[in-house]
Amino acid sequence: MEKKVYLYSTCLGSALMGRTIMNTVWLLKQAGFEVIYKKNQTCCGQPSYNSGYFQESKKVALYNANLFDKDYPVLVPSGSCAGMMMHDYLELFDENDEDYQKIKNFSNRVFELGEFLDKYLKIDDLGNPIKVTWHGNCHALRVAKSVSFSKSLIKKLKNVELITLPYEEECCGFGGTFSVKEPEVSNAMVLEKIKHIKETECKYIIIGDGGCMMNIDGALKRNKIDIKVIHLYDFLAKRMKGEVI
């Protein structure tokens, strides 16, 4: 009998990255999971939390805890949203709060998707030999701590060579509301990131977070740089299906 999991698609996944979400479903089925998708899911609350709207963020956290109510893992294809739901939710609720235990139980069931796939997915690589580099977003690295699982998945692809990105752990400049509040600083940061991507001489950069993808991909296109950005879970699915990237 397949084990059931919830899939939390994130705002960007629902609005802009439908193909990526379908690929995550395919990967989870390949790993032997039955995927439950709640159609009335919403934001994780990170934008409001980062902007200081803590009471409003508490309402979002409680909404999600009540929505994903069964005792199934909640899998998130984004280190940012996963980090918010795994750790930052607990910062919103005092231990004496009547909803603290509910939020704690919920947060303990949240995982960045890569952790599950690295453990359960049997990977076959049907693609041609290729060199790629990797950018790990800040929350995945420092909050969700899921980067090691993501890179492990890439390294399991036998025809893929992972080239280390110089200054890999530096922010790309997106930072959610930061890129809106400080556009000049954000642009300088993403241009620095692109400089290091070019140093790898790779034509593909893999990213596990929609926000970083939009930021880096947009900057590459504005500057007419021929480097392709691809989401980690799209890359994995395409390699396993033998599709052209």
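Helices (H or I, at least four residues) and strands (E, at least two) are DSSP runs, numbered from the N terminus. With that in hand, let us walk through this predicted model, where local features need pLDDT of at least 70, side-chain atom pairs count only at pLDDT 80 or more, and totals for chains, interfaces and linings use all residues. Residues are numbered from 1 along each chain as its sequence is written, and side-chain values use heavy atoms, leaving out hydrogens and water.

With a relative accessibility of 33%, Lys241 counts as partly exposed; here buried means under 20% relative accessible area, exposed over 50%, and partly exposed in between (1.4 Å probe, protein chains only). If we set aside neighbours within four places in sequence, Lys241 is in contact with Asn23, Trp26 and Leu126, where contact means heavy atoms within 4.5 Å. Another residue to look for is Phe116: its C-alpha atom and that of Lys241 are separated by 20 Å, and the two residues are 125 apart along the chain.

Now turn to helix 4 (residues 54-67) and helix 5 (residues 79-92), which pack at an angle of about 125° with their axes 10 Å apart. Axes are lines fitted to C-alpha atoms, for helices over the stretch in contact, and angles run from 0 to 180 degrees between N-to-C directions. That angle makes helix 4 oblique to helix 5, since angles under 35 degrees count as roughly parallel, over 145 as roughly antiparallel, 65 to 115 as roughly perpendicular and the rest as oblique. On the helix 4 side, the contact is made by Phe54, Ser57, Lys58, Val60, Ala61 and Asn64, and on the helix 5 side by Met85, Tyr89 and Leu92. These residues divide into six nonpolar, two polar and one charged. In this grouping, Ala, Val, Leu, Ile, Met, Phe, Trp, Tyr, Cys and Pro count as nonpolar, Asp, Glu, Lys and Arg as charged, and the others, Gly among them, as polar.

While you are looking at helix 4, find Tyr63, which belongs to it. Tyr63 counts as partly exposed, at 35% relative accessibility. Not counting residues up to four places away in sequence, Tyr63 touches Asn40 and Thr42. The C-alpha atoms of Tyr63 and Phe174 are separated by 27 Å, and these residues lie 111 apart along the chain.

Next comes helix 9 (residues 147-155), whose buried residues are Val147, Ser150, Leu153 and Ile154. They cover an arc of only 125° around the axis, so they lie on the same side of helix 9; the arc is that of the directions from the helix axis to the C-beta atoms. A general rule is handy here: an α-helix has 3.6 residues a turn, so residues three or four places apart point the same way. Of the buried residues, Ser150 has a relative accessible area of 4%. Leaving aside neighbours within four places in sequence, Ser150 is in contact with Glu112, Trp134 and Leu232.

Our last stop is in the loops. Lys145 lies between helix 8 (138-142) and helix 9, and has a positive phi of about 55° although it is not a glycine. Lys145 is exposed, with a relative accessible area of 55%. Thr10, in the loop between strand 1 (3-7) and helix 1 (11-15), also has a positive phi, near 75°. Thr10, however, is buried, with a relative accessible area of 10%.
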